[in-house]
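Hi,

Here is the structure I promised to pass on. Have a look at it first, and then read on for what turned up.

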Amino acid sequence: GKEHYRGLIFQVAHVLATITNKYVGFRHNKLALKYMDGYIHRSSGNLTFSFGGKNYVMSNPGFIYKMSNFDDATILDVFENDNIVDNGNSDFVYFLESLKKHVNEVGAEMDKDTLAFMDRCANGISYAEIFLDIYFS
């Protein structure tokens with residue numbers, strides 16, 4: 001349901017924000033759902049994520065996301081790659097499109113709040129704006 005989508009989307013945004021904060025020119029360039037690893041996280045309670053001096057508390061969706069498959073990744077001026085797509089948080093938008101496609105392919109449903117959030121992100125949005133979005137409040 002919504003909490004699983006919300007937990008996954010927040011974790012992906014947090015990982016990307018953390019990496020791009022340290023490596024400004026980082027692009028994964030292939031952040032499709034099939035290239036993501038999730039690990040079961042059965043502890044009870046909330047998960048706390050820190051970014052930009054602020055803590056974000058999310059309900060535990062039952063898994064922890066780990067980014068993988070860096071074959072097409074790049075860091076501008078550090079590790080170049082011809083496959084770069086440079087439009088801000090394009091990795092995040094690519095991930096959202098992949099998630100929506102997967103949900104449609106398996107015949108699952110996505111709640112209206114998640115779809116509305118994805119629509120707000122479709123043309124690019126900063127990670128600061130993502131974390132402040134009503135979807136995560």
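How many aromatic pairs does a search of the whole structure find? The search gives 13, where rings of Phe, Tyr and Trp (its six-membered ring) pair if their centres lie within 6.5 Å, and planes under 30 degrees apart count as stacked, over 60 as edge-to-face and the rest as tilted.

Before the details, some ground rules. This is a predicted model, in which local features need pLDDT of at least 70 and side-chain atom pairs count only at pLDDT 80 or more, while totals for chains, interfaces and linings use all residues. Residues are numbered from 1 along each chain as its sequence is written, and side-chain values use heavy atoms, with hydrogens and water left out.

Back to the rings. F10 and Y56 make a tilted pair, 5.8 Å centre to centre with 50 degrees between the planes. F10 sits in helix α1 and Y56 in strand β4, so this pair ties together parts that are 46 residues apart in sequence. (Helices, H or I of at least four residues, and strands, E of at least two, are DSSP runs numbered from the N terminus.) Both F10 and Y56 are buried; buried means under 20% relative accessible area, exposed over 50% and partly exposed in between, with a 1.4 Å probe and protein chains only.

F117 and Y135 form a stacked pair, at 4.8 Å centre to centre and 15 degrees between the planes. F117 is in helix α3 and Y135 in the segment after α4, 18 residues apart. F117 has a relative accessible area of 0%, and Y135 counts as buried at 4%. Ring pairs also link residues into a cluster, among them F10, Y56, F117 and Y135.

Now for helix α3 (residues 112–121). Its buried residues are T114, F117, M118 and C121.

Finally, the largest nonpolar core has 37 residues. Such a core is a set of buried Ala, Val, Leu, Ile, Met, Phe, Trp, Tyr and Cys residues joined through side-chain atoms within 4.5 Å. Helix α1 gives the most to this core, with eight residues. I9, V12 and F92 are among the residues with the most contacts inside the core.

Best wishes
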